[in-house]
Amino acid sequence: MWYRGSQSATHATLSTEIRSHTCGELGSQHVGQMVELCGWAQNVRVLSDTLVFVKLRDAYGSVQLLTEHRRMPGFAEQKRQLELLSTDTLISVKGEVAMRPGDTAKGKSSTRDIEILVEQVQILNRAKPLPFNPHVRANMPNEEVRLAHRYLDLRRPELQRNIRVRSKATMAIRQFMDDNGFVDIETPLLFKSTPEGAREFLVPTRVNSGACYALPQSPQQFKQMLMAAGFDRYYQIARCFRDEDLRADRQPEFTQVDMEMSFVTKKDIQRVMEQLIQHVWSSVKNIQIDAPFRRMSFAEATRRFGSDKPDTRFGLEIVQIPQLSSDTNIVAEALLITGGANIFSAKELTPFLELLRSSQGSGESKFTSMHKIRDWGATGLTNITLISRWLANNGSSTGEEPTDRLEELFALLSAKPGDLLFVSERLSHITPANTTLGRLRTLAAKLLQEKGELTIPEDQFEFLWIEDFPLFTCEADSLQGQLSATHHPFTAPVSEDLPLLYSDPAKVRGQHYDLVLNGVELGGGSMRVHDPDVQQYIFEKVLHLSPRVRDSFSHLVAALGHGCPPHGGIALGLDRLIAVLTNSPSLRDVIAFPKSADGRDLFMHSPASASTARLESYGLQVTKVGYGESIRLLLTSANVEWTEVHPEWPQEKSNQPFGRLPVLIEKNADGSPDLVISEPGNIERYIARTYGLIPTDLRAAALQEQVRDQLSDAHTALIRYFFAINEKDKDMRMAVFLKLFDEVIVIQSKLLRENGNTGRLFGNRNSYADVVSYGFYKDLLIGMGRYDEYIVDIVKSKLTPEIANLIYTVEADPRLEIYMLKAGSILATINA
C-alpha cells in the first residue's frame, strides 16, 4: 500500500494523507505535476493490449485516466484488474497531469483539456452490482427504488448540486442573521400537544403512563416567550414536524428559517426579510434582486388571479362579470385564453375538464363552464351554464335578442372567435386558497408552456407580499358559523379593525403576510397579539375554545401580561426555498434523506412496528377498530357526551350507513340540544379544537370500512349536486342528475367487482359493499322524493326490478337536511 500526503495548496483543506487533489479542481495549471486521486471508476475502455482509458469521478468532478504499458510497472496485472472493474468501484491512482491531444477534448467539464498518465492504481473497495446506475438517466428507476437506495441516488450530479446549494444558502442565511444582530437560539423538540392546526407526532414517555410529548409544528410559542424574555432578535434553522397528508411540497419533518423581532412593525420585518432574500440570491446565484417587493392584498390576489399565492410572471387574469351575478353573495367571473380554442385539441382539453369535474366544496366555484368562441356564438351554451341562464332571465325583459346580448358580453370580455372562455360563479367569501379559475389559470399556463405558446424565463423572480388576510375564517363544514384562526390564534388584528373584533370578528383583517415567489409560498408571518386581554378575548369569545384548551395557553397569556413588547416574526420554508433556487420539482430532491410520498423512510424502513413488550413499557397497546368505533373511543377519551343516533332520527333507521355512526351533542344549561354534529370529519375537528385532543387518523384504522371510504366521494358529490340546484330548473336538474347517476353506477359496479362481487349491482346484499350501496341509494331516493317524485320514478326505472322493490316508501328524512344546508357547489360534469 502507498499513501502519500500532498504539498498542494490549491485546496489545502481537501488534501488528505491519501489524496493530493480532487478530480474537479485539476486544470492546465497542474500539467507536469504528480497527483494522487481517489474516486469511483466509470466507463472503462480497453482500446488495445497496451492502452486503457478510465473515467474517475469524485464529489467535485471527473477526469480521464490513461494507463499505458510504458509508464506503469506490472501493466499486464493492472490492466487485468481494470478490465474487471465494476461500475462505481473505488480506486486510488497516482500519476502525472498532462494535456490531452487537441482533437480529443470533449464536453464542458473543467478537466476536459487534461488527463492523468497513471503510474499506479489501487482498488480501495470493489463495488458489487448496483441496483441501478445513478449516472445513466435513460434507465433511471422509479422514485421508490431510488429512495430505497438513497446513498446511490445521492450520487447523481443534480442531487449533489442541490445539497451543496442548500449548504451554501444556509451558511449565507446564518451570516446575514449574525451580521444583523440576531441571536441563534435552539428551542425544545419535545413539546406538548396544542390545537394549532395540523396533526402532531406524539412521543410517549415511560415517566408518566399515558402522557405524551408532541414534536413541535413550529417554535411559535417559544419564540414569543423569547421576546417576553428580552431577546430583541431571535432566529434559528428549526426542525418542525406535522403529521399531515403529503404531496410534492410537503414532508412530515421539514426545516424552516424562523425569526422573531421586538419593537417593530410589519414593514420592519418585511424589510429585513427582503434584505435576507437579496443576500441569499446574490451569494448562491450571483443575481441581484430589486427591493422593496411588490405588495398585494388577499382580496386583490384572489380576485385577479384566483389564488393567495399568484404567479404574476404571466397574464391570464380573471375578470369579474357583475352583470351575470344574480345574488349579492355570488361572484361571476371569467378566464379568457386568447386563441385557446385553436391551440388545444379536444384531447388536450381533457385536463381542463377533469379539473372542472373535481371542483367542489365551499369557496370553490358553484359551477364553471367552458366555451369555445366561434363566429356564430359559442359552444357549450346548455341550459345549465351561467351564460345561458343569464340570457334566459334577461333577454326577454329587455326585448333584445339572445345573440345581441351574447355579443355584448363577449365584447365586454374582449373575447374573439378562436378564444377559450371559462365562466364561473362562486361564493363571494373565499375559504380555500384557490378558486376554480385560479387553478385553471395555473393549468393553462403550464399547458401553454408545453406547447410553446407561453414563455416564462427561469431567471425571472417575481417576489410578492400578500397582506390583509381575514383574521378569522368561517369553517367550511360549520353549520353554526364557527370561526377559526386563518393563520394562528396569536396573529394581531389590523389596528383600525380592532373595534370590529368585539362586534363583527368575521370582518377583521389580520396583520398576516405571506412571501410569494412565482406562485410558490416561501413563507409567512404576522405581528403577534401582545395584549393579554385581547389574546384572552380571542381564545374565549371569538374562537370559543374550551377551558381546557385555554389553560394549555395560560403560560403564553401570563407572559404577555408581564411586560411583553410588541413583536412579530416570519418563517421561511428552507426546503421550499432551496427547491426554488435549484429549480427542483419536489422537496424530496433537496433533502438528503426525505420521506416517500406516503411518509415512509424506504431506506431505513421507518416507521417500524414496535414489539408488544416495548409498547407495554409505555402503557400502550394496539387496537384495530372500525371507523365508527374509532370515533366512539375518541369521544369517550374526551369525556364528551354522545349518542348512537341523531335525536330527530327514527330509531329503526340507526343501522343505515349515515345513522350508525355516533353523534356528538353539546347541551345547553337546561339540557336541550345546543349543537349536534353527526359527520365524522366534523367530530374530529370539533374535538381537536374544543378539547385539545388530536385524533388518530381514523381512516387509516378503518380496515373493514375501505369500501365505504372509496365510495364516499362519488356518493357525496351526487347528493350535493342534487340539492345545489334551484327548484325551478327541474328539466336541467334531471338531465344532469341522471348523467351523474349513470357515472356513480359505473363506479359502484367497478368497486363491487374489485371486492369480489361479480353478480348484480347489489347482489344478494350479503357483502358489506352491498349493504352500503343499498343504504345509500335508499337514502338518496328518500331525499329526492321531497322534491321531485317523477325523478324517483325515472331512477327506479334504471335499476333492476329486484332493487326497485327493495326501496321503501318515499318519506321525509331529516338526515338529508345536512346535505341541503351544506350544498355549496355544483359538480360540473356536463360540458361542451
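Reader: What makes His555, Leu556 and Ala559 count as residues that Met225 touches?

Author: Contact means heavy atoms within 4.5 Å. In this predicted model, Met225 touches His555, Leu556 and Ala559, leaving aside residues up to four places away in sequence. Met225 itself sits in helix 5, residues 220-228.

Reader: How far apart are Met225 and His555 along the chain, and what separates their C-alpha atoms?

Author: Met225 and His555 are 330 residues apart along the chain, and their C-alpha atoms are separated by 9.0 Å.

Reader: Why is Met225 called partly exposed?

Author: Buried means under 20% relative accessible area and exposed means over 50%. Met225 has 22% relative accessibility, so Met225 counts as partly exposed.

Reader: Why are helix 9 and helix 12 called roughly antiparallel?

Author: Helix 9 (residues 350-358) and helix 12 (residues 436-450) pack at an angle of about 160°, with their axes 10 Å apart. Angles over 145 degrees count as roughly antiparallel, and therefore helix 9 and helix 12 are described that way. Their crossing is right-handed.

Reader: Which residues make the contact between helix 9 and helix 12?

Author: Helix 9 brings Pro351, Phe352, Leu355, Leu356 and Ser358, while helix 12 brings Thr436, Arg439, Leu440, Leu443, Ala444 and Leu447. Eight of the contact residues are nonpolar, two are polar and one is charged.

Reader: How do you know how confident the predictor is in this chain?

Author: The mean pLDDT of the chain is 76, and 68% of its residues reach 70 or more. Over residues 691-740, pLDDT stays under 50, and the model has 138 contacts beyond four places in sequence for them. Residues 747-832 are also below 50, with 183 contacts in the model beyond near neighbours in sequence.

Methods. Residues numbered from 1 in each chain as written. Predicted model: local features only at pLDDT ≥ 70, side-chain atom pairs only at ≥ 80, totals over all residues. Heavy atoms only, no water. Axes fitted to C-alpha atoms, helices over the stretch in contact; angles between N-to-C directions. Helix = DSSP H or I, 4+ residues; strand = E, 2+ residues; numbered from the N terminus. Parallel < 35°, antiparallel > 145°, perpendicular 65-115°, else oblique. Left-handed = near helix turned anticlockwise from the far one by under 90°. Nonpolar A, V, L, I, M, F, W, Y, C, P; charged D, E, K, R; others polar. Buried < 20%, exposed > 50% of the residue type's maximum accessible area, 1.4 Å probe, protein only. pLDDT = per-residue confidence, 0-100.
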